Every structure is written in C-alpha cells, then in structure tokens.
Amino acid sequence: MVQKGQFHPIGGAWVEHDGNMPSGEAMVRQCLLGQRYFRSRFGITCTTAWLPDSFGLSGAIPQILRLSGMKNFFTQKLSWNNINVFPHTTFNWTGIDGTQVLCHMTPVDTYNAQATFGDVRRGITNHKNLESSNGALLVFGNGDGGGGPLSTMLESLRRIRAAANQSPEVPVVHMGTSVEDFFADIERDTNYGETLPTWHGELYLEFHRGTYTSHGSIKKGNRKSEILLREVEYVSTLASLHASKDYEYPYDRITECWEKVCLNQFHDVLPGSAIGMVYEDAEKLYSEVAKEGRKLFKEAVSAYLGGFIPLMSLIQDQKPFPSGRLVALNTVHATRREIIEVPLLGPSSVNLKSQVVQISRDGSKAFALMDSDDNAGGILLAKGIYADIKPVTATKGPENEFILTNANVSMTVKEGRITSLYDMILQRELLIKGMTGGLVIFDDRPNYWDAWDIEIFHLESREPLVFSKVSIVETGPVRASLRAELKLPKSTVSVLISLDAVPATLQSDSRSMIRFDAEVDWHERHRLLKFELPLNIRAHEAIYETQFGHISRPTHKNTTWDIAKFEVCCHKYCDVSEYGYGVAIINDCKYGASADGQFMRLSLLRAATAPDAEQDQGKHEFAWAILPHVGHFLQSDVPIAAQFFNTPLHVMLAPESGLRHLAINTTNKSPFSIEEAPNVILETVKRAEDDPHKKLTRVVLRIFEAYGGHASATLRVASHLTVDRAYICNLLEEKISGLELTTHEATGDTLIKLSLHAFQILTVRLTITSVKSPTNRRFSEEWVSI
C-alpha cells in the first residue's frame, strides 16, 4: 500500500516524542530506531520530521534531523501560545549549532482540520509569509485516534476546489500526492529557502509549562534509564572488545530497552499529561528497563573485569564480603576524585573499614576517598586522605545556626533557611543581602489544562518554607552533613544536605558541590514545590542545558517574549554567571527551572488532579546540588560536574584473586579519549548497529562541542586496539567522510584529528581489526603490593 501511494510513512522517529526533555542521545535513538523501522518495513527513509503536537521544540532538533536524513519539519503547536503570536508560517529553522531545516507550521492551526471552507480560508488569511510562499498544508481528518479523513471531508474539498474555479475569493485547493511534494514546492518557489525568514534557536511553546515537572516519577524513570543505557553500551562495548569470545555484545537486548524508553517519551507520557492508567504501564516499562539494564551491566562488568563484584549485589544478595580491594568504575570520560558512601553490614565490613577514611556517627556506613591518575572511563581505587585535602566540618552556632564548611565554600542554615552561601577563597558572599534561599511553595491552579500548565500568576503566591528541625548528621573529615525536615499540611519533607572535602571536579579552582538529597511524602493538591536561591550575581541571561549543548534565556521581563519564559526546560543544570563568577543548580531528574533576576529556581513537585487524579501523590526521592564556580559558565566545570552528579561511581570489591586479572587484561582508563579540547565531550560509546550481519568489529563514538565554540580535538585510541579505518558518519551510522589515522611515536596509540564548531555533533565509526592483551605496569605494581 505504501508503494501504491495509499499510505505515506512520515516522521522518521520511533514515536511522536516530546521535543524538550529527552536527552540528546535519546533523541538520536528516536531517529535511529524510527528510520531503521521505516527502512525495514517500507523500504523508505523519511525526509520530513513530523511533531505536530509536541509541547515546544529544542534548538538541538534541526541538527539531529539533518544528521538522520530529514531536511523538512512540520509542527503546529506554537499556535497555542498564550502570550505572543509566533511570527512565521513557513521559515528556515536554524538550531543552536547553525544547522537549518525547512519548517512549516500550518496556518490552519490544527492537525485535526475538518476540511471546511473556514479551514481552507484560514490557510491563507492566517498565513504569515505570503510574500515568500503562498502555500499552506491542510492536515485534515479526525486525529488523536479518531479515524482519519472521512468521505464528507473529501467531498467538501472537492466542492471548494470547484468553487475556486468560479471565484477568485476562494482559495485554490490542490490535493497533493505527499507532504514531501509540498515541501519540494516550497523549495522551488523560495530558491531553496533563500527568500524565507529564519528563526534561530528553540521553538519555545508559551503554554504547557507544567509538563516539565508533572509526574516526577516518570521524569526520574526517563533520566535514570537514559544514563543506565549509556553505561550499559559503554561497558558492553569494552567487554565485547576485551573479554573472551564467550561474550557477545547484546544488541537485541539493548535495542529492546531503548525501544521501551523511547516509547515512554511519547509527547503525552513523559510530559505527565496522560491518564492514570498510562503511568501504570510506563512505570512497568521503566522497571523492566532498570532490571534488564542492571543485569546487562553486571554481565558486561563480569566479562570485562573478571572477578570484580558490585558492592550492591553483595548487599542485596546478603552475601559475606570477600577480602579484597575497594574499587569503583567510572563510566564518564573524564577523570574524577570523589567521596563515596559504603554500607557497613555485619562482620564482613571489617575488611572495608581498613579502606575508608571516615565512619558515620552511627557506625552504619563509611566514606571512602576514590581516586587514581587518569581514570576517565576507568577504575578508581580507595585512597587515604591526601595532605592537600582540608577537612570539612559541620558546626552548630548560636541562634539555631548550622554551618557546613570546607576549604573553598561554606553554607549557613539559620532558623530553617539558607542565609549564607560563601566562597571561602575569594571571601565573597553569593546570596543577596537580607534574602534567604531554600524550599518554597506556590499555589498552582492553571486556568484549564491542569497537568499541562503552570500560569504566570502562580508567582504571586510565593510562600517560603522553613525547616522546623535541623540536626548534624556527619562532622567530617571528608563528608559533613545536616538533616533538615519540615511538615506541610499534608506532606513531609526530609533533606540530607552534604558537603565533601573534595571539589566537584579536578579542574583548577573547582569548588565543591553542596548536595541536597530529598525524601518527600507528598499529598498536596494544586501546590508547586520549588528550590530557590537569591543570587548576588548580575546576569541578563541564564544558561540551561539542552541536548548536546545549552541555551541562554532572559532573566528579565523587557518584552512579552521575555515575560513568557517564566518557566522553562532544563536538563542536568541551569546556571547564572557574570564576569568572574557564577552559580549552577544541578539536578538528577528534574526538568523545570526559572531565573528572574533575583531568584534561580528549580521546580521539584506538582500536584495536579487531571487527567490523573492521583498525580505525584506518594513518596519521592530526588537530589539536586549547588555548584559555585570561579569564572563565567563558559570557563566553568559545570557540564562535567553535572555528568558526574548524574552518573555515580559503580563501587565494587576486587577480590585478591582478581587483582592480577585487572592489571593484565584491561587498562585503568577508557581506550577512547578526547584530548586538547576541554569543550568537547565524548558522550556515547557503542557497537555499530549492523556489526553482527557484516561480521565486523566496529565502534561508534558520539562526540559533541558543549560550550558553544570551535575546537580542534584529538581522538586517541589506545594502542592495544588496532584501528583499520575511521569515518565520520551520520546518526544512522552511514559513512560521510574518511578520517586520517596517525600513530603516536612513543605509545603506539592511534590519533585522529577532529574539527568541531559550536554545539556540533560528530559520530565517529572505527573499524577494529585486532585487540591485543594490554598491560598496565603502573597498576600492576600498585595492586600486587596489597
């Protein structure tokens, strides 16, 4: 029926997904899975992306579409704006990296047109770019599962077409053969878009702002699943390269997990705007992904690292801890040094006590310092306290004042509110004098679309919340923490506030994160919980992470366009910076944020009652952190710190029998690394999609520029992997151009030069012809001496 032209496959994605919250890699998978499906079932590659009902569209989408074989884009949702009228109908949409697609927003303002004369006439009278292109797409039929076009609609269009032959006042109706033909006509009439206006950046929907926060458990399931699958692919790739032939990369199982995650990113599921029964299914899918993902990860680690045992597995299985070394796997491609928490359970914990640097006050857990040289994507070891690490403290002062302090930052909680955020090195107070930070609650009663909307007038009901009980939990030397609690009329909130002795990253002048781990029993109705900081930082714009980069949005209300962005989407971080200094809020599963010139806020929980009467009712656990930084955001370590925050170290026990296995059969770091470009991030490491069919060993690396500038980077591949060929590919993993390979004289590593521009995504495909058994003399000596 496709070949006969009776059905027109369109869209190129797995589902009609949300356009804001999926991660960059998840959006890539939407297109990869979708295009591969269309090719396998219908023999076509879609050239038009189709998101008519998604609630706003990220500025990263144009590049993702182009790299997935799509040059055209259709939507209509911005016609729902509740403050400003979007100024274009047919235009060039340019993404944050400069990539451009041809975009049409039907002036009929619906994808469910009934093919009436009014619908047809609106296609002309509401068209905003008639000077450049006088065509409009009428998307008619009963949509949203309603059955499609009816014979009466076709008859109505026939009559309107006949009437146009008699009167110039009636718009001419042409029944096209496909949407691609419609876009081809626009290209022809506008000299391939040259005469069309251009819109730069995101297509922000001035409506449905509550969807960034509704159904917090679904947001958490999405973020955790995305992170887990990235880790599974990385470790599975290493295992498939280094392990015995008994281990095979689990293509089908990983793909099935991605299909479930992408299904839940449908534009009414992930936004939290579906009926209650949908979330029973969605929670089940996330549970299946978590279970299968953990199993895949454990299998890959076992194959890659031999006898290493995940600590959580020992605890969950209630097995005695064997004697051995406490180690941690870092799946982020950046070197880190961190404090980790280790449970102390029963007699098996005796071995662990000798490897930690702090035991909790109640003796139930301990804290270890994990570190090793150049551990990007590799192994960290438990260490003693270094001389340059100054102790962190938690103290109680007069007037119910509690202070967390280390060598670089300090935070004070007084009378239940954050009264000071202080840079110890620069001796600078970061909060506005006389103002406090902390939790705050608002009335949240939108005019109509309950789960979808947050209205601007909610800001008029701001009510600061005061912690009624604050106590010291840990006092150092490597971790200090407070427990802060409060009660609402129907809910309770308990927050563990922690500060470590080490900075957030190993970047020079990095500051420490102040971490907030919240446990909330939530039973409010039509209330909105946020965390806020009144920052003494002058900035006209705030910076929010988006897919493969970031976006700047105003902190002022100069125009109605500025006013409309009172609640926006962010991913792992939002940041306010001025010359010389800035502060970021990092989160592990939240997507709604705002910055209004005084306060930077992170939205935590909503309590809508429709279409799901029990939305968000019950228990929640989530975390966020404050990260001060020297220098503007563009010189900061915020993106990599946010990666660390969302990707905890995997703590394991290396039995004595497995120590030599690590030294002989693997390396202390990833075999893939990016050098000479701190603004370039290696995001994804996976095996190529068609390797099993082609009997090849190919590795796909997804790399992007994260700060908005140019970069000349070097991709280094460890010498024990023999790289035969390297290509730049599109997101469908098809070759675009070849890359030159050189060899490092001293190490034998393969070096590949890469050039990137602002926010560019590069997909590099490596063909590996042989894998040698690597050795690591530094590691071997250190481990044998245990």
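The axes are lines fitted to C-alpha atoms, for helices over the stretch in contact, and the angles run from 0 to 180 degrees between N-to-C directions. Helices (H or I, at least four residues) and strands (E, at least two) are DSSP runs, numbered from the N terminus.

This is a predicted model, in which local features need pLDDT of at least 70, side-chain atom pairs count only at pLDDT 80 or more, and totals for chains, interfaces and linings use all residues. Residues are numbered from 1 along each chain as its sequence is written, and side-chain values use heavy atoms, with hydrogens and water left out.

Start with the helices. Helix α1 covers residues 24-42 and helix α7 covers residues 251-264. Their axes lie 10 Å apart and meet at an angle of about 105°. The two helices are therefore roughly perpendicular to each other. On the α1 side, the contact (heavy atoms within 4.5 Å) uses E25, A26, R29, Q30 and L33. On the α7 side it uses T255, W258, E259 and C262. By class, this contact has four nonpolar, two polar and three charged residues. Here Ala, Val, Leu, Ile, Met, Phe, Trp, Tyr, Cys and Pro count as nonpolar, Asp, Glu, Lys and Arg as charged, and the others, Gly among them, as polar.

Now follow α7 to another partner. The axes of α7 and α8 come within 10 Å and cross at roughly 150°. That makes α7 roughly antiparallel to α8. Their crossing is left-handed, meaning that the near helix is turned anticlockwise from the far one by less than a right angle; clockwise would be right-handed. From α7, the contact includes R253, I254 and C257. From α8, it includes A282, L285 and Y286. The residues of this contact divide into nine nonpolar, one polar and six charged.

Helix α8 (residues 276-305) also meets helix α6 (residues 216-242). Their axes come within 8 Å and cross at roughly 25°. α6 and α8 are therefore roughly parallel to each other. This crossing, too, is left-handed. The contact has 18 nonpolar, seven polar and three charged residues.

Next, look inside. A nonpolar core is a set of buried Ala, Val, Leu, Ile, Met, Phe, Trp, Tyr and Cys residues joined through side-chain atoms within 4.5 Å. Buried means under 20% relative accessible area, exposed over 50%, and partly exposed in between (1.4 Å probe, protein chains only). In soluble globular proteins, nonpolar side chains tend to be buried together. Which residues of the largest nonpolar core touch the most other members? They are L439, F516, F531 and W624, out of 77 residues. Strand β22 (residues 514-522) gives the largest share of this core, five residues. Take F531 as an example. Beyond residues up to four places away in sequence, F531 touches I418, G438, L439, F516, I585, M600, R601, L602, L604, W624 and I626. A second, separate core has 57 residues, among them Y234, V327, I752 and L756.

S481 sits in strand β20 (residues 479-487). Its relative accessible area is 2%, so S481 is buried. Setting aside neighbours within four places in sequence, S481 contacts A394, L404, S471, I472, V473, E474, L496, I497 and S498. K572 lies in the loop between β26 (568-569) and β27 (573-578). At 15% relative accessibility, K572 also counts as buried. Its contacts beyond four places in sequence include R223, E545 and N587.

Finally, check the backbone. Most residues other than glycine have a negative phi, and most peptide bonds are trans. The bond from G476 to P477 is cis, with omega near 15°. P477 lies in the loop between β19 (469-475) and β20. The bond from A610 to P611 is cis as well, with omega near 5°. P611 is in the loop between β30 (599-605) and β31 (618-630).

Two residues have a positive phi. Phi of D109 is near 65°, and phi of A115 is near 65°. D109 is in the loop between β4 (100-105) and α3 (117-125), and A115 lies in the loop between β4 and α3. A115 is buried, at 0%.

Terms used
Angles under 35 degrees count as roughly parallel, over 145 as roughly antiparallel, 65 to 115 as roughly perpendicular and the rest as oblique.
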